[in-house]
Amino acid sequence: MTPIICTDYEAMSLKAAQLAGEAIPRDRESLVSFPGGDTPLGFIKEFTKMVNAGAVDISRVRYVSLDEWVGLGKEDRGSCACFNHTHLLGSLNRPFLETHIIDGKAADIGEECRRLDDFIAKYGPLDLSVLGIGLNGHLGFNEDGVDFELNAHIIPLSSTTKKVMGKYFDREYTLERGITQGLKQIMAAKRIILIASGAHKAAILARSFRGPVDNSVPASILQNHPDCFVIADREAAAEL
Ligand code: PGA
């Protein structure tokens, strides 16, 4: 794990976008995945700026979303699909080669999992996985206690996630499950970039990267990845 400590949120976002741009191969097709949430907003803004300016070529890049709330679709504000369409896909002035956005409203959610697995199996492994981190150390919806060996799966939302999820939505939802890429797929990514911002993330970052590798803190598995950058602002990095 390579830690990069940035002065502030803007510097963290820019650094992550630069490293993401570098991770995209120029000579072949590739597959990338970005997270939803508050943390990646700045990163995605910087990344789309680079693409729109022609500094990063995504014409041979496929994009796959990381996770979704089971029960929400792209028309629901606060869903990961809505986030992806609004902040990423809708802000690009040229398209990815192909996109696969998880549908949390699929009639057969098990089949939606298989579609995600199939897409990653066909075009993967991921060349780049950008991740945020939850207060319980979750990556995507790989909640505490998750099996490190899983591919895409449906998982009950943790009590921590349920406590904080209200911040994403403009109305009250009763959501119980998430659909997510599994840690097996994430760990197979050639490069991982985890971004974290704010004092509230300091303790979980320290537990993830200074504590033992244990599924009670899912992000700790990243200690075993050979090309993983942890980009944090000063507040989030305070206990690293
Ligand atoms: P946040 O979410 O960026 O909104 O803090 C992080 C996460 O849960 O992955």
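**Figure 1. Strand β3 and its side chains in the predicted model.** From β3, V61 and Y63 point one way, whereas R62 and V64 point the other way, and all of these residues are buried. The structure shown here and in the following views is a predicted model. For Y63 the relative accessibility is 0%, and this residue therefore counts as buried, the limit being under 20%. The charged end of R62 sits over the ring of Y123, at 3.7 Å from the ring centre. Strand β3 also pairs with strand β2 (residues 30-33) in the parallel sense, over 3 bridges. Within this pairing, L31 has R62 of β3 as its bridge partner.

**Figure 2. The aromatic pair of Y63 and F96.** The whole structure contains 11 aromatic pairs. One of them joins Y63 and F96 in a stacked arrangement, with 5.3 Å from centre to centre and 25 degrees between the planes. Y63 belongs to strand β3 and F96 to the loop between α3 and β5, so the pair ties together parts that lie 33 residues apart in sequence. F96 has a relative accessible area of 7% and is buried. Y63 and F96 also belong to one aromatic cluster, together with F34, F43 and F47.

**Figure 3. The open parallel sheet.** Strands of a sheet pair through backbone hydrogen bonds, in either a parallel or an antiparallel manner. Strand β6 (residues 128-131) is joined to strand β9 (residues 191-196) by 4 bridges in the parallel sense. Here L128 has R191 in β9 as its bridge partner.

Figure 4. Between β7 and strand β8 (residues 177-180), the antiparallel pairing extends over 4 bridges. I154 stands opposite I179 of β8.

**Figure 5. The nonpolar cores and the surroundings of L131.** In soluble globular proteins, nonpolar side chains tend to be buried together. The largest nonpolar core of this model has 47 residues, of which W69, L131, L175, L194, L205 and L222 touch the most other members. Two or more residues of this core come from each of α4 (109-123), α6 (183-187), β9, α7 (202-210) and β10 (228-233). Helix α4 gives the largest share, 5 residues. When neighbours within four places in sequence are left aside, L131 is in contact with P35, L66, L139, I186, I192, I193, L194, I195 and L222.

Figure 6. The buried residues in helix α3 (residues 80-88) are C80, A81, C82, F83, N84 and L88. Among the elements covering these buried residues are α2 (40-52), β3 (61-64) and β4 (67-69).

**Figure 7. The surroundings of G137.** G137 is located in the loop between β6 and β7 (153-156). The relative accessible area of G137 is 0%, and the residue is buried. Residues up to four places away in sequence not being counted, G137 touches I204, V217, P218 and A219. For G137 and P218, a separation of 81 residues in sequence corresponds to 5.5 Å in space, C-alpha to C-alpha.

Technical notes: Residues numbered from 1 in each chain as written. Predicted model: local features only at pLDDT ≥ 70, side-chain atom pairs only at ≥ 80, totals over all residues. Heavy atoms only, no water. Pairing = 2+ DSSP bridges. Core = buried A, V, L, I, M, F, W, Y, C linked by side-chain atoms within 4.5 Å. Buried < 20%, exposed > 50% of the residue type's maximum accessible area, 1.4 Å probe, protein only. Contact = heavy atoms within 4.5 Å. Phe/Tyr/Trp six-rings, centres within 6.5 Å; stacked < 30°, edge-to-face > 60°. Lys NZ or Arg CZ within 6 Å of the ring centre and 35° of its normal.
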